[in-house]
Amino acid sequence: MFKRVLIANRGEIALRVVRCCIEMGVESVVAYSQADKDQLYVGLATQAICIGDAPAAESYLNQERLVSAALATGCDALHPGYGFLSENADFARLCADNGIVFIGPPPQVIERMGVKAAARELMQRSGVPCVPGSEGTVASAEEARQVAERIGYPVLIKASAGGGGRGMRRVGSAGELEELFSQARSEAIACFGNGDLYVEKLVENPKHVEIQIFADTRGNVVYLGERDCSIQRKNQKMMEESPCTRLTPELRQEMGEVAVRAARACGYVGAGTVEFVMDEQRRYYFIEMNTRIQVEHPVTEMVYGVDLVREQLRVAAGLPLSWSQDELVPRGHAIECRINAEDPLRGFMPCPGTVTKAFLPAGNGTRVDSALYDGYQVNPYYDSLIAKVICWAPTRLEAIRKMRRCLAETNIEGISTNVEFELFVLYHTRFLKGTYNTGFMDECAGELLELQKQAEKIAAGDGGAPGRIAGNDGHASGRVAASDGRASGQGR
């Protein structure tokens, strides 16, 4: 096992890795920016080292400074967390060149799967079902038009090096293709330094289902079930749950085996996620592979009773997987809600500021991953995620009820958050039934605005303060389901 690990990240994932290192008897070094000098994990780590000013380009994205920090503090491994440089093949290669183990897949695998058009080609050759689209990248709007006419509109133009919804445009007809192609290319160059684009058939309002896989250096590959990530805003996930209500045990096994095939095809090592879209007929298609630990990994940990970060360190150190496929048996149901510093009533606009008070939930079957504390500064330089609440229970209905209780307990003052909006979702009929898909948030947006107008009228009439989306029991909404939630199917 490693003696000392540099954590090249921030926020809750940095704290998550620090805690894991402590439990494993491994020393940890946190690399932090000036803006994060007062973070909780800076004090909990064995050592901390400042790597630059607040902007990510001067700190968490500065490859040379991070490697220098690892060398200066005697680290023999580096954990990249998620985001930032976690899927950067050049960074993984730079670590290896300096004798530092990158806790993730080899650079060539990150490279292979990070270019989405190339990843599609590899998956197609390996027999993994892919969304119909271009064979590789398309060089021009005219070439994209030819592909679109062959597979039929609507289509998605996507950045080959993209992620997080950047460099992506929905094209409904030939008349709008040229302009949207140009927009996608410009955004891709600005965000990723790579303007390569490809075209896919748009599977409208699908389920977004991802399979967690894990592979070691000895040829062992397993899958750990699925996560339903269909509750999204701005093409970014907000809530995740496992298992997915649309999957049967047979389909779960089939998709898991396909995900393992995908991992073997690219020579994968470590924790990874194979992402699919699934239509109403349960037809599923590969869209991408994330070559890192996911934000939503606690959902899988709760259902399977494993520690994925611990396993990352073990596998990176050359040890075999702790479990065989037969030993990985799912139990119960888990839901994760991401708490973001943002305003749902203003298009989920980030809301930086100082947290004057933070009370986070607890209780049986409840887990909170967060670096939040009273006086915590949410600054504008980084992602707006400030906490994750994860609930586990024997059935889906019980997990929903537990999450409602947890969010109702949560009290974060000084900034705007999406907590009340997530409560609204947890009482929504479609969520209770499990029939929601990636179009659900668009449907909710109109309902939410109408609900807010009603709340403001009521508040203005009785002199109360407006602004709350719903009470803790969620019953302010006309579309809210009965509180017993029996529409959901308790056995799921």
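Helix H5 (residues 107-114) packs on helix H6 (residues 116-125) at about 95°, with the axes 5 Å apart. The model is predicted: local features require pLDDT of at least 70, side-chain atom pairs require pLDDT 80 or more, and totals for chains, interfaces and linings use all residues. Numbering starts from 1 along each chain as its sequence is written, and side-chain values use heavy atoms, leaving out hydrogens and water. Helices (H or I, at least four residues) and strands (E, at least two) are DSSP runs, numbered from the N terminus.

**H5 against H6**
- H5 and H6 are roughly perpendicular (65 to 115 degrees) to each other.
- Axes are lines fitted to C-alpha atoms, for helices over the stretch in contact, and angles run from 0 to 180 degrees between N-to-C directions.
- H5 contributes Arg112, Met113 and Gly114 to the contact, and H6 contributes Lys116, Ala118, Ala119, Leu122 and Met123; contact means heavy atoms within 4.5 Å.
- The contact residues divide into 5 nonpolar, 1 polar and 2 charged. Nonpolar covers Ala, Val, Leu, Ile, Met, Phe, Trp, Tyr, Cys and Pro; charged covers Asp, Glu, Lys and Arg; the others, Gly among them, are polar.

**Helix H3**
- In H3 (residues 63-72), Gln63, Leu66, Val67, Ala69 and Ala70 are buried. Buried means under 20% relative accessible area, exposed over 50%, partly exposed in between (1.4 Å probe, protein chains only).
- These residues cover an arc of only 155° around the axis, which puts them on the same side of H3; the arc is that of the directions from the helix axis to the C-beta atoms.
- On the other side of H3, Glu64 and Ala72 are exposed.
- The buried residues of H3 pack against strands E1 (4-7), E2 (27-33) and E3 (47-52) and helix H4 (89-97).
- Gly74 follows H3 and has a positive phi, near 70°.

**Salt bridges**
- The whole structure holds 31 salt bridges, each a side-chain nitrogen of Lys or Arg within 4 Å of a carboxyl oxygen of Asp or Glu.
- Glu288 and Lys116 form one at 3.2 Å, N to O. The pair links Glu288 in strand E13 (residues 284-290) to Lys116 in helix H6, 172 residues apart.
- Glu288 is buried at 17% relative accessibility, and Lys116 is buried at 11%.
- Arg170 and Glu204 form a salt bridge at 3.0 Å, N to O. Arg170 is partly exposed at 46%, and Glu204 is partly exposed at 48%.
- Glu210, Arg227, Lys237, Glu240, Glu275, Glu296 and Arg338 are linked in a salt-bridge network.

Key
Angles under 35 degrees count as roughly parallel, over 145 as roughly antiparallel, 65 to 115 as roughly perpendicular and the rest as oblique.
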